[in-house]
Amino acid sequence: MSSRHITSHDSHELYRLQVLADAQLLDTPAEPAFDAIASLARRVAHAPIALIALVDAERQWFKARCGLDAEQTSRDIAFCDHTIGQSEIFMVEDARDDSRFASNPLVTGDPGIVFYAGIPLMVHGKDGGTAAAIGTLCVIDYAPRILSPDEIQGLRELADVAVTLIESRRLALRAVDHAQEQHHAAHELAYERRKFQQAERMATLGYFRLDMLDQHLFWSDQVFAIHGLPVSDAPPLNTAMEFYPPRARAEIAAAIANTIETGAPYDIETDFLTAQGDLRRVRSLGELEMLDGVPVALFGVFQDVTQRYRIEQMLRASAHSDTLTGLANRAAFEAEMENRMTQANDTGETLAILLIDLDGFKAVNDAQGHVAGDELLQTVGMRLRGEAYADCFVARLGGDEFVLIPRGMLDRAAIEALARNILDDLRRPVITADCNATISGTIGIARMQPGDIRRDLMRRADQALYAAKHSERGTGRFYENDRVIRAIGPLDIRKAG
């Protein structure tokens with residue numbers, strides 16, 4: 001009878017898998033914070049796919065994924081299995097030419113990986129134990145490439161955020177569990193406060209207790225930290241409520257009152273002002289502590305969720321903006337059009353749209369390359385965000401097509417003047433690091449008519465644009481007549497910007 005020798009590698013793998021299990025992440029539902037990190041990684045690296053992958057004994061499972069439908073793959077073909085053995089970023093510039101991956105089914109089949117870059121997620125074990133790589137933050141592309149130093153640094157920083165989130169999440173779960181265990185013995189809260197001071201700091205989460213008899217309020221150290229106050233005696237309840245802006249104060253007061261009246265726990269997220277006047281976002285969970293069927297206290301947890309909230313807000317904003325030009329995107333334009341048309345029908349205001357198509361953009365792309373084309377579009381976007389268009393809603397619909405909605409009651413003369421200004425701005429040369437070009441723009445203009453829906457107005461603007469391009473590029477035209485709108489001055493190739 002023989003026994004297999006246990007190597008240091010085996011021991012390390014067992015420890016790594018234990019740290020992974022302790023994180024309590026495998027096969028859990030999607031969470032906005034992790035999804036936000038993957039989405040930001042994809043944008044930072046300009047890659048079609050970004051993943052937060054957890055490497056289990058026999059598989060890799062994706063806690064967050066952008067650009068990929070699969071939820072998991074076998075570990076024996078996982079690129080991330082190589083990454084967790086590294087201490088730094090692991091990069092494969094072209095998997096087709098790499099003997100380790102050339103025959104990998106993830107390369108030869110779906111999803112067709114060519115480029116891969118991954119950063120190990122080094123998570124500490126329980127009670128601050130040695131860190132182990134439980135997974136990766138990785139990006140994937142369908143073409144060979146390398147990451148720039150800025151892209152690598154951006155991924156490193158996002159990986160650090162992911163690790164902090166994992167460890168904070170684990171500690172927060174533990175802190176909440178222990179806080180709930182103490183609802184039958186209030187005197188043990190002091191012990192729990194000492195036990196979880198580190199967990200509170202890492203998770204920006206504390207706990208509180210309000211005695212129902214004398215209204216005495218107890219705060220853990222982290223609750224003081226979130227308020228921006230030194231640790232001392234907790235203030236009276238009415239003073240604590242003054243840290244909330246008026247609307248948030250009313251919401252939290254109503255939630256507490258309902259819990260006291262009905263016994264139902266509350267879970268509420270609101271704005272919050274620190275003692276220094278800094279606006280934060282906090283989440284508060286509370287429930288009644290019962291003794292012999294009688295409520296004796298309100299207890300719960302209090303967490304600073306500002307970072308997660310800001311990431312979510314940023315992602316919501318990015319969903320309505322064009323990443324290249326910074327203008328509104330098509331989805332935002334369509335929503336704005338619906339709102340404007342409803343308002344125009346209610347108030348009788350004039351509503352017009354100016355549909356803009358760049359002349360000569362394809363030639364710049366073909367002759368100078370896509371980088372030059374991108375810089376040209378960015379310059380156009382910057383010009384259309386200028387002061388002259390401060391009262392207009394401007395969006396990029398896609399490619400080299402833009403649209404502008406003026407605000408207010410504009411007559412034909414004012415719209416013509418606005419169109420001339422746009423034509424002049426588009427005729428100015430674009431001179432950047434990678435682009436040296438002079439183009440023009442053609443504009444189709446349509447005004448809302450009774451009974452119009454968005455499709456009707458867009459169709460007439462598109463027809464006016466087609467007529468203008470067919471007749472004379474670099475001009476504008478209203479849908480309802482053949483009058484040509486021209487730029488004010490001649491093309492000046494000496495004036496750039």
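Rings of Phe, Tyr and Trp, the last by its six-membered ring, count as a pair if their centres lie within 6.5 Å. The views below show a predicted model.

Figure 1. Nine aromatic pairs are found when the whole structure is searched. A cluster is formed by Phe79, Phe90, Phe101 and Tyr116, which are linked through ring pairs.

**Figure 2. Arginine residues placed over aromatic rings.**

**Figure 3. Helix α2, residues 32-45.** The 14 residues of α2 reach 20 Å from the first C-alpha to the last, close to the 20 Å expected at 1.5 Å a residue. Buried positions in α2 are Ala33, Phe34, Ala36, Ile37, Ala38, Ser39, Leu40, Ala41 and Ala45. Histidine 46 follows α2 and has a positive phi, near 50°.

**Figure 4. Helix α10, residues 246-262, and its packing partners.** With 17 residues, α10 reaches 24 Å between its first and last C-alpha, close to the 24 Å expected at 1.5 Å a residue. Ala248, Ile252, Ala255, Ile256 and Thr259 are the buried residues of α10. These residues lie on the same side of α10 because they cover an arc of only 95° around the axis. They pack against α9 (237-241) and against the strands β9 (266-273), β10 (279-291) and β11 (294-304). The exposed residues Pro246, Arg247 and Glu261 are carried on the face of α10 turned away from its buried side. After α10 comes glycine 263, with a positive phi near 85°.

Key: Residues are numbered from 1 along each chain as its sequence is written. This is a predicted model: local features need pLDDT of at least 70, side-chain atom pairs count only at pLDDT 80 or more; totals for chains, interfaces and linings use all residues. Side-chain values use heavy atoms; hydrogens and water are left out. Rings of Phe, Tyr and Trp (its six-membered ring) pair if their centres lie within 6.5 Å; planes under 30 degrees apart count as stacked, over 60 as edge-to-face and the rest as tilted. A charge sits over a ring if NZ of Lys or CZ of Arg is within 6 Å of the ring centre and within 35 degrees of the ring normal. Helices (H or I, at least four residues) and strands (E, at least two) are DSSP runs, numbered from the N terminus. The expected span of a helix is 1.5 Å times one less than its number of residues. Buried means under 20% relative accessible area, exposed over 50%, partly exposed in between (1.4 Å probe, protein chains only). The arc is that of the directions from the helix axis to the C-beta atoms. Contact means heavy atoms within 4.5 Å.
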